[in-house]
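Thanks, everyone. I will keep this short: pockets to begin with, then a sheet and the helices on it.

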Amino acid sequence: MTHAPLTAALGDFVAKLRYEDIPEAAVAIAKQGIADCVGVMLAGSAEPAVEAVRKGFAPDTAGGGSSICFGPARAPAHVAAWVNGTAAHVLDYDDVALKGSHPSAVLVPAILAEAEAVGASGRDMLRAYAAGFETWGELISRDSGNYQRKGWHPTGVFGAMGAAAACAALRGATAREAAHALGIAASQASGVMANLGFMTKPMHAGKAAACGLLAARFASAGLTAAPDAIEHEQGYLGALSPAGEIDRERAPSLPPARWRLVEQGLAIKQYPVCYRAHRAIDAMLGLVRDRGLEADAVKAITVRFSPSHSVILKNHRPRTAIDAKFSIEFALACALVAGRVGLRDLVDEFVLSEPIQRLVPRVAIEIESEEMPGTSGYAPYDLVRVETAAGEAIESEHVRHARGDPQAPLSADALWTKFEDCALWSGLPLDARALFDRLNTLETCRSAAELLR
């Protein structure tokens, strides 16, 4: 190689990144990701999976320096990051980017917890977010294989690395310390797709946040890792690779030459279910809106999408709200029956209701074999076809970008409405508007503590 090895190059990038180097567009996207993540974290704070993680850490939560879900409870930073990361991902309402990963659900809990611990400013937090996102993007771009089909959950396995980079930046790590933090995190990255649809899946985000935070701390304390832990034949990328198709040779594509935050952006979810279902939900809601379609008039539904979607949307007969988050059958039935897919619909009672259970078996899947290059297995578009009881065949528009995608962004009002809804759902006694405004002016915050006032 004529350029620096990848582990060293990433360490150097993390150590040298300054807030002043980040483009305004990237800062805006980072603030949007942080604000949206805080909202969904609030909404998920009382979910059973989060309570289970909190109880599991009960002996370690008697005091401590970092807030749990913006409530009165506090815990050591790594515990808070683990609980908050689980809360951020538990409703599957958090943002999507980087080949189907959920970056903010990992980065934000790690950053908030460590920022409280070290007294970091809002600008420090934004710089940490950018360092974590760009590191994550560089790593996941090194292999053309499909991690989900192999069985890896990208949020868990790449999230630990992104969180390590973010927390190393937050702590002011040297290039050597940042590289060691990444090497340490490489030995902690984990998360398997078999756990999608179970309580363990959202914990992948929490564990990644905690492991990244601890990796940065261990490195600053003198713990070392292999200097080529990422690119080594038996290193991080090689161990994860679906088919061994890793690009170890090209020079890193890192800022300032390339900003993935600006190029790719974040998809902000409009619906609290797996993002793979969102284009089809938009298609069905379009039929409800434009054709006045009603559930009682529907005989059969066919959804057309990619084979990758069928692997992830695997729960064909959902019986619980957790099942339903990974069920295209539920998603389309819900859109048709309720005319929406919202937090209030993702409860066991509604999933088991007669109108939903009657429609679920009427949904068929049709596979589109063509996939768009550069995506995590998306077809060029998704569509829905409906056969009515009267024998009419209706086809939706071809949906190429879900609402909330960077190509179809949500309005400022829609972002606030989602945040407000999440805050109300949490039942926590807080001023949602004030918190939302502080998050959207994060660069002016002198410390993380200002977010909690």
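A pocket here is an open set of grid points, on a 1 Å grid over the protein atoms alone, with protein on both sides within 12 Å along at least five of seven lines. What you see is a predicted model.

By that definition, the largest pocket holds about 690 Å³ of space. Its lining is made of 29 residues, and those closest to the centre are Lys 99, Gln 264, Gly 374, Thr 375 and Asp 405. Which helix gives the largest share of this lining? Helix H12 does, with three residues. Both H12, residues 260-263, and helix H6, residues 122-140, supply at least two residues each. By class, the lining of the largest pocket splits into 12 nonpolar, 10 polar and seven charged residues.

The second largest pocket has a volume of about 390 Å³. There are 19 lining residues, and Gln 270, Tyr 271, Arg 340, Val 341 and Arg 403 are the closest to the centre of this pocket. Two elements give two or more residues to this lining, namely H13 and helix H19, residues 412-426. H19 has the largest share, with four residues.

Four strands make up an open, mixed sheet, and their order is E4-E3-E5-E6. Strand E4, 363-367, and strand E6, 393-395, are at the edges, each pairing on one side only. On average, neighbouring strands are turned by 20 degrees against each other, with direction ignored.

Going across the sheet from E4: E3, residues 298-305, runs parallel to E4, and five bridges join the two. Val 303 has Ile 365 of E4 as its bridge partner. On to E5, where the pairing with E3 is antiparallel and has six bridges. Here Ala 300 stands opposite Glu 387 of E5. E5 and E6 are also antiparallel, over three bridges, and Arg 385 is partnered with Glu 395 in E6. Four residues lie between E5 and E6 in this hairpin, and in the turn Gly 391 has a positive phi of about 90 degrees.

Last, the helices on the sheet. Helix H13, residues 278-291, lies across E3, E5 and E6, at about 45 degrees to E5. Helix H16, residues 328-338, lies across E3, E4 and E5 and runs at about 130 degrees to E3.

That is where I will stop.

How values were computed: Residues numbered from 1 in each chain as written. Predicted model: local features only at pLDDT ≥ 70, side-chain atom pairs only at ≥ 80, totals over all residues. Heavy atoms only, no water. Pairing = 2+ DSSP bridges. Axes fitted to C-alpha atoms, helices over the stretch in contact; angles between N-to-C directions. Contact = heavy atoms within 4.5 Å. 1 Å grid on protein atoms, 1.4 Å probe; cavity = no way out; pocket = protein on both sides within 12 Å on 5 of 7 lines; lining within 4 Å. Points joined across faces, edges and corners; volume = space filled by probe spheres on them. Nonpolar A, V, L, I, M, F, W, Y, C, P; charged D, E, K, R; others polar.
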